[in-house]
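Student: I've got a structure open and I'd like to learn how to read its features. Can you walk me through a few?

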Amino acid sequence: MIESTEEMTDGYKKALKQILIVSGDTELMSAPAYYDQSLNAPSLDARASCISVIQDELGHGHIAYRLLEDLGEDREELIYEREPHEFRNTYGFDQHIDNFAELVTAHGMFDRAGIVLLSDIHENTSYAPWKRALTKVSKEEQFHLRHGETWMRRLANNSEKTKRQLQEAVDWMFPMGVEWFGMPDDKKKHDDQLEYRIKGKSNDELRQDWLSRALPLMNELDLDVPAHYDEDSDEYVLDYDMPVAFDEDNKEWRFDESISWSDVMDRWRSRGPANEKYVNLIQSGKVDVEV
């Protein structure tokens with residue numbers, strides 16, 4: 001186990017910084033993504049739970065940025081002095097969340113993706129300070145997931161209208177969750193984070209873990225998704241070929257449009273339609289105090 005920068009090679013430190021920045025940015029930017037619809041929750045109890053999720057996510061972001069400070073980064077600079085397009089959060093949190101059904105589906109799918117990724121790091125990472133910090137994070141993310149799945153079940157069984165809203169949310173969020181784990185293993189030239197044992201599983205292994213948990217819930221709720229379990233191969237299989245073009249204005253996947261992973265990388269780097277709004281919401285909270 002690695003405890004300090006003195007024990008790190010330059011390559012290890014660089015790979016660790018990269019994954020911590022993505023983790024910190026993703027946790028941080030989930031807060032403004034969740035904010036508006038948390039205020040539109042259908043009950044005071046639901047609103048309190050949603051706000052609690054936001055508070056937790058901000059705390060998780062703080063943990064990642066605090067670890068980055070130990071690696072020589074400036075936390076204030078990371079949060080307040082970068083331009084919106086310089087943030088490295090996952091693309092799902094650059095999208096507008098437009099109703100309560102989308103909010104709880106994000107809790108049920110995107111937070112599940114976060115659990116899959118961080119659980120792997122918690123179990124396998126060679127960086128001891130992060131391993132210790134993730135004990136708290138893992139417990140809180142489980143609450144987020146239970147909240148999301150509980151409300152997804154309620155909406156699925158409440159009325160035709162809420163079931164339809166849930167299906168519409170799943171239509172764009174399920175493929176977003178599949179994409180969450182990055183390029184397929186056979187497209188990656190190298191993976192320093194695996195080689196340095198900062199994480200333990202490859203992109204495809206993590207994607208399978210997520211599918212093995214997300215797809216049974218979709219089946220339970222009778223929601224249509226473009227994936228199925230294949231008994232012959234004993235794995236979860238997509239009903240489309242990755243990568244897929246995404247119409248961000250209408251939040252629709254164009255499954256019949258041929259694109260490359262280079263196109264997907266360009267989309268990720270360009271950020272999504274809510275990127276500036278969410279970053280500005282975070283950065284506008286800075287208070288300058290003169291002493």
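**Reading rings, charges and strands**

Tutor: Let's start with a single side chain: Phe 174 has 0% relative accessibility, so Phe 174 counts as buried. Keep in mind that this is a predicted model.

Student: Which residue forms an aromatic pair with Phe 174, and how do I describe the pair?

Tutor: The general idea: a pair of aromatic rings is described by the distance of the centres and the angle of the planes. By the pairing rule, the count here comes to 14 aromatic pairs. One of them joins Phe 174 and Trp 210, with 5.3 Å centre to centre and 45° between the planes, which makes the pair tilted.

Student: Where do Phe 174 and Trp 210 lie in the chain?

Tutor: Phe 174 lies in helix H6 (residues 160-179) and Trp 210 in helix H8 (residues 203-220), so this contact ties together parts that are 36 residues apart in sequence. Trp 210 is at 0% relative accessibility too, so Trp 210 counts as buried.

Student: What about Phe 181 and Trp 210?

Tutor: They form a tilted aromatic pair as well, at 6.3 Å centre to centre and 50° between the planes. Here the link runs from the loop between H6 and helix H7 (192-195), where Phe 181 sits, to helix H8 with Trp 210, 29 residues apart. Phe 181 and Trp 210 are both buried.

Student: Which residues do ring pairs link into a cluster?

Tutor: Look for Tyr 34, Phe 93, Phe 110, Trp 172 and Trp 180.

Student: Last one: how do strands S1 and S2 run, parallel or antiparallel?

Tutor: Antiparallel: 4 bridges join S1 (residues 227-230) to S2 (residues 235-238). For example, His 228 has Val 237 in S2 as its bridge partner. The two strands form a hairpin with 4 residues between them, and Asp 234 in the turn has a positive phi of about 55°. As a general idea, in a regular strand the side chains alternate between the two faces of the sheet.

Methods: Residues numbered from 1 in each chain as written. Predicted model: local features only at pLDDT ≥ 70, side-chain atom pairs only at ≥ 80, totals over all residues. Heavy atoms only, no water. Phe/Tyr/Trp six-rings, centres within 6.5 Å; stacked < 30°, edge-to-face > 60°. Buried < 20%, exposed > 50% of the residue type's maximum accessible area, 1.4 Å probe, protein only. Pairing = 2+ DSSP bridges.
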